[in-house]
Amino acid sequence: MQNMNIAIGLNNNMAYIVPPSLCQTEDLGSENLRRLAKQLQFYKPPKPIDEVEENIEHGINDVPSSVKMRERRAAVLICLFEDPEDELRVILTRRSMNLASHPGGKMEEGDEDESATALREAMEEIGLDSSLVQVVAQLEFFLSQHLLTVVPVIGLVSRIEDFKPLLNADEVDAIFDVPLEMFLKKENHRFEDREWRGWKYVVHHFDFESEQGEFLIWGLTASILIRAASVIYQQSPFFQAHLPDFQTLQRALHSVDSNVA
């Protein structure tokens, strides 16, 4: 089983409010998708990412000041759609082994914001036309072990039948979809203990099997999807870890570091 990426690649109030111009709910067709879009617009924005990155740059990670913040930003599209049974599903990809292990693509000079980055990456990797995607929210940033701030962008696709995948073989090995609610359940979930700079944390693993084969969804991708499912379904996972995951550990360390400073 190989590493997974969000296609295209908690705190319940950790999503950016998307301007109304980006969220025309009447275009979503499904009543459930319209309700979800409206729900996500009510979340308060998190701490500004520029302020967070400045703390990271001068904090425990000791990132050289010569490294531009934009070069450390990445975004990933959480692309959601409804199946014939009205179940909310998320599109995932299995990344090429030639690519970095973290989900999401780095921002490029021409990208206006994280949403633009996520949509561009989706088009480049799997041929998902941005006209099919309604961006409705951005979750709080996630920090990868490569010192990238990864911003998950939630996008809804109401006409999934119009999506004809065209995989970039240099970046993607396979495309599949799973129920989003899976990332709140105990079934198919397990932990792995790891250590970072003397601090212990857990890595989430989800095993998924379909007609296309067996897939492993883990690490940063799993953490992002756990958070997305928690926000969307407005409930915590049914499993509890004996240690924090990498994101929880990082936020705790940065909070302590900021208070000391």
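This is a predicted model: local features need pLDDT of at least 70, side-chain atom pairs count only at pLDDT 80 or more; totals for chains, interfaces and linings use all residues.
Let's start in helix H1, which covers residues 31-40. Here Arg-35 pairs with Glu-31, and their closest N and O atoms are 3.9 Å apart. These two sit four residues apart in the helix, so about one helical turn separates them. Are they buried or exposed? Arg-35 is partly exposed, with a relative accessible area of 46%, and Glu-31 is also partly exposed, at 41%.

Next, look at Arg-73, which forms a salt bridge with Glu-114. The closest N and O atoms of this pair are 3.2 Å apart. This pair links distant parts of the chain, 41 residues apart: Arg-73 belongs to strand E3 (residues 73-82), and Glu-114 to helix H3 (residues 114-126). Arg-73 is buried, with a relative accessible area of 13%, and Glu-114 is buried as well, at 9%.

My last pair is Glu-108 with Arg-120, whose side chains meet in a salt bridge at 3.4 Å, N to O. Glu-108 lies in the loop between strand E5 and H3, while Arg-120 is in helix H3, twelve residues away. Glu-108 is partly exposed, with a relative accessible area of 40%, whereas Arg-120 is buried at 15%.

Which residues join these two in a network of salt bridges? Asp-111, Glu-121 and Glu-124 are linked with Glu-108 and Arg-120 in that network. Have a look for them in the structure.

Note on methods: Residues are numbered from 1 along each chain as its sequence is written. Side-chain values use heavy atoms; hydrogens and water are left out. A salt bridge is a side-chain nitrogen of Lys or Arg within 4 Å of a carboxyl oxygen of Asp or Glu. Buried means under 20% relative accessible area, exposed over 50%, partly exposed in between (1.4 Å probe, protein chains only).
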